[in-house]
Amino acid sequence: MTADLDRPSLPLRAELAGLEPYGAPQLDVPHLLNVNENPYAPSAEVVADIAHDVALAAAGLNRYPDRDFTALRADLAAYLHVESGVELAPEQVWAANGSNEIMLHLLQAFGGPGRTALSFAPTYSMYPEYARDTSTRWVAGRRAEDFAVDPQQAAATIAAEAPSVVLLASPNNPTGTALPTATLEVLLDAAARVPGGCVVVVDEAYGEFRRAGTRSALDLLAAHPHLVVTRTMSKAFGLAGARVGYLAASTEVVDALRVVRLPYHLSAVTQAVARAALRHAPELMAQVGSLRVERDATVTWLREQGLTVAESDANFVLFGVFDDRHAIWQGLLDRGVLIREVGPEGWLRVSIGTPEDMTAFKDALVEVAGL
Ligand SMILES: *Cc1c(COP(=O)(O)O)cnc(C)c1O
């Protein structure tokens, strides 16, 4: 082919050719139950306090922000202590623009060409994209019929594939499945045997919604320097618009991430918003309890309708199985209820909203599915 100098071709990486940007539809409908947001907006009082701190930050915007965001890391460590009882030094905490950027930092530091990232499907659909974007080989093992990770089978996959990164969402998206501590211990042991090393990342984006008796992987941090636990302010905290994700790990892990992050990646405005919000953690999290109750009630109701429902420790529920799930999804949307067409064939996922949202969801589903 001769070069057309008026329309030079673009040197797009071959693995990106023809790809569409990924993302759930953002539609303007009354009941948004498709991306697991907290349905409760911050109170006027919290909004005013955030705005006050943003104004203070704005007065110094001629300067670059604290690139190590030391005050925010101390606040996050204090929050995790209250939430899970685990004591962490601020140097063990790292933050970024959403836990999506946290994952990218992890793969930039511990993945890369010639290396493998491993997870167990069905799981979060963004993981293979982080792998692709960092030229990391992607391998997906399978979850069992009930969406649990089989410890012995997973350990064998780790031994066979020798990944440098294992990604485990717990509670898992889109299934809601939590990872038992005993399973995590088996996987940490298998990862410790990988020649060259392997970090195990437990993505606890929905950690605060876990049921009583479900433990956080934070409990295992002290004994396992190759364990990373990621969290976010996007879900339980109700702050998805602020873009703040974070992790807890050994200081060795955090030091590696400081090398790959972009300079000043967390803006002064973001740091101010996150710190002001953390001061109001109890208020912002006040609805987590009622969302959990609503979640359990939704599981029970769906089962009473004769549907198959996955156990959920999160703020969403995966249910099915429909011959034509797209028709169900579309029928709900036509009635103003947006849920997510995701997960294994025939299943659908609904996020837990307000009681009004859930009534609209149930009424629409009864009509559309003829329950
Ligand atoms: C929603 C979600 C996140 C959060 O992403 P942010 O970038 O922090 O908003 C992370 N992991 C999983 C599995 C999620 O579902």
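Predicted model: local features only at pLDDT ≥ 70, side-chain atom pairs only at ≥ 80, totals over all residues.

Mentor: Residues are numbered from 1 along each chain as its sequence is written, and side-chain values use heavy atoms, with hydrogens and water left out.

Trainee: How many helices and strands does the protein have?

Mentor: Helices (H or I, at least four residues) and strands (E, at least two) are DSSP runs, numbered from the N terminus. The protein has twelve helices and twelve strands. Its radius of gyration is 21 Å, close to the 21 Å that the globule rule gives for 371 residues, so the protein is as compact as a globular protein of that length. That radius is taken over C-alpha atoms, and the globule rule is 2.2 Å times the number of residues to the power 0.38. Along the principal axes, the C-alpha atoms fill a box of roughly 60 × 55 × 55 Å.

Trainee: What percentage of the residues is buried?

Mentor: A residue is buried under 20% relative accessible area, exposed over 50%, and partly exposed in between (1.4 Å probe, protein chains only). In this protein, buried residues make up 52% of the 371 residues.

Trainee: What do the contacts tell us about separation in sequence?

Mentor: A contact means heavy atoms within 4.5 Å. Among contacts between residues at least 6 apart in sequence, 73% join residues at least 24 apart.

Trainee: How is a pair of aromatic rings described?

Mentor: Such a pair is described by the distance of the centres and the angle of the planes. Rings of Phe, Tyr and Trp (its six-membered ring) pair if their centres lie within 6.5 Å; planes under 30 degrees apart count as stacked, over 60 as edge-to-face and the rest as tilted. By this rule the protein has nine aromatic pairs. In one of them, the ring centres of Phe 69 and Trp 94 are 5.0 Å apart and the planes lie at 50°, so the pair is tilted.

Trainee: Where in the chain do Phe 69 and Trp 94 lie?

Mentor: This pair links distant parts of the chain: Phe 69 is in the loop between α1 (44-58) and α2 (70-84), while Trp 94 is in strand β2 (residues 93-96), 25 residues apart. Phe 69 is buried, at 1% relative accessibility, and Trp 94 is buried as well, at 0%. Phe 319 and Phe 322 form an edge-to-face pair, with 5.9 Å centre to centre and 90° between the planes. Both Phe 319 and Phe 322 are buried.

Trainee: What is the general rule for phi and for peptide bonds?

Mentor: Most residues other than glycine have a negative phi, and most peptide bonds are trans. Here, a cis peptide bond joins Ser 170 and Pro 171, with omega about -5°. The bond from Asn 173 to Pro 174 is also cis, with omega near 15°. Pro 171 lies in the loop between β5 (165-169) and α6 (181-192), and Pro 174 is in the loop between β5 and α6.

Trainee: Which residues other than glycine have a positive phi?

Mentor: Among them is Asn 36, whose phi is near 60°. Asn 36 lies in the loop between β1 (31-32) and α1 and is buried, with a relative accessible area of 1%. Tyr 264 also has a positive phi, of about 55°. Tyr 264 is in the loop between α7 (251-260) and α8 (268-279) and is partly exposed, at 28% relative accessible area.

Trainee: Which residues are in contact with Leu 266?

Mentor: Leaving aside neighbours within four places in sequence, Leu 266 is in contact with Pro 65, Phe 69, Leu 72, Ala 95, Ala 96, Asn 97 and Gln 271. Leu 266 lies in the loop between α7 and α8 and is buried at 1% relative accessibility. The C-alpha atoms of Leu 266 and Asn 97 are separated by 6.6 Å, although these residues are 169 residues apart along the chain.

Trainee: Where is Leu 188 found, and is it buried or exposed?

Mentor: Leu 188 is found in helix α6 and is buried, with a relative accessible area of 1%. Beyond its neighbours within four places in sequence, Leu 188 is in contact with Val 200, Leu 220, His 224, His 226 and Leu 227.
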